[in-house]
Amino acid sequence: MADVALPSYQRIRHALRQELERGALAPGDRMPTERELVERFGVAHMTVRHAIDGLVRDGLVVRRRGSGTFVVRTRPMARSATRLQSFSEELGGAIVRGQVIRQCEVQPDRDVAEALAMSWHGRVVELLRVRTVDGTPASLQQVFIPIKFAPALARDDLTDRSLYQYLADAGVTLDRAEQRLFAVAAGKWHAELLGVPFATPLLASERLSRDVANHPVEFARTWSQPELSVWVEMHR
């Protein structure tokens, strides 16, 4: 009964998403044309267009001018934020890769130094990476870690390596984190690295992670594609 109350375009969007999740089409396959969907569901072209718009926003399909609409992935990207995990762990079974944009020792700015409870004259390692999910740029991550926790981090290859696993191998055990989420418009460099238009809405976050002794270890800023939703389980 709940589905009947939904607008037609939402019911069509839901039906198409279920088909993708069942494997009716694979990434790279062409979606049925708008005309075919109009005949199938018995609705207007505008209704079908709105339904496809929703699948585009979900990151499931992409429109290619002159060619049609094609499947990008069969399940929406979603990160689980129920416990402290690396980006790869949050995304479960997705294929996550990392392109290092910057990896070097720097002097932290005021916000970073205060978050990490350190002197402005101290040194941190900055790691800036574009993370791809199933081959698509999904997130831009900027991480700052005091050198004392990972002296070799500026030199070691973190291209496709989990930072949290790297820290664990270095003897640093992360215990908890505080994180805030907010929306921002993509600046010029965010847009270039993520391959989105300037001012595209992005889901941003700031995270401060601490070790078992309550020392601030990691201050991270993340900018994610809007379809990369965050899933949180809550209990009362």
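This is a predicted model: local features need pLDDT of at least 70, side-chain atom pairs count only at pLDDT 80 or more; totals for chains, interfaces and linings use all residues.

Trainee: Is Trp189 buried, exposed or partly exposed?

Mentor: Trp189 has a relative accessible area of 34%, so it counts as partly exposed. Trp223, at 11%, is buried.

Trainee: How many aromatic pairs are there?

Mentor: The count comes to one aromatic pair. Planes over 60 degrees apart count as edge-to-face. The rings of Trp189 and Trp223 sit with centres 5.5 Å apart and planes at 70 degrees, so this pair is edge-to-face. Trp189 belongs to helix H7 (residues 188-194) and Trp223 to strand E9, so the pair ties together parts 34 residues apart in sequence.

Trainee: What about the nonpolar cores?

Mentor: The general idea first: in soluble globular proteins, nonpolar side chains tend to be buried together. Here the largest nonpolar core has 18 residues, and Ile145, Leu153, Leu163 and Leu167 touch the most other members. Strands E5 (124-133), E6 (136-146) and E9 (216-224) and helix H6 (163-169) each give two or more residues to this core. H6 gives the most, with four residues.

Trainee: Which residues does Leu163 touch, leaving out those up to four places away in sequence?

Mentor: Leu163 touches Leu127, Arg129, Val143, Ile145, Leu153, Leu158 and Glu218. There's also a second, separate core of 13 residues, including Ile12, Leu20, Leu37 and Val71.

Trainee: Where does the charged end of Arg64 sit?

Mentor: Over the ring of Phe70, 4.6 Å from its centre.

Methods:
Residues are numbered from 1 along each chain as its sequence is written. Side-chain values use heavy atoms; hydrogens and water are left out. A nonpolar core is a set of buried Ala, Val, Leu, Ile, Met, Phe, Trp, Tyr and Cys residues joined through side-chain atoms within 4.5 Å. Buried means under 20% relative accessible area, exposed over 50%, partly exposed in between (1.4 Å probe, protein chains only). Contact means heavy atoms within 4.5 Å. Rings of Phe, Tyr and Trp (its six-membered ring) pair if their centres lie within 6.5 Å; planes under 30 degrees apart count as stacked, over 60 as edge-to-face and the rest as tilted. A charge sits over a ring if NZ of Lys or CZ of Arg is within 6 Å of the ring centre and within 35 degrees of the ring normal.
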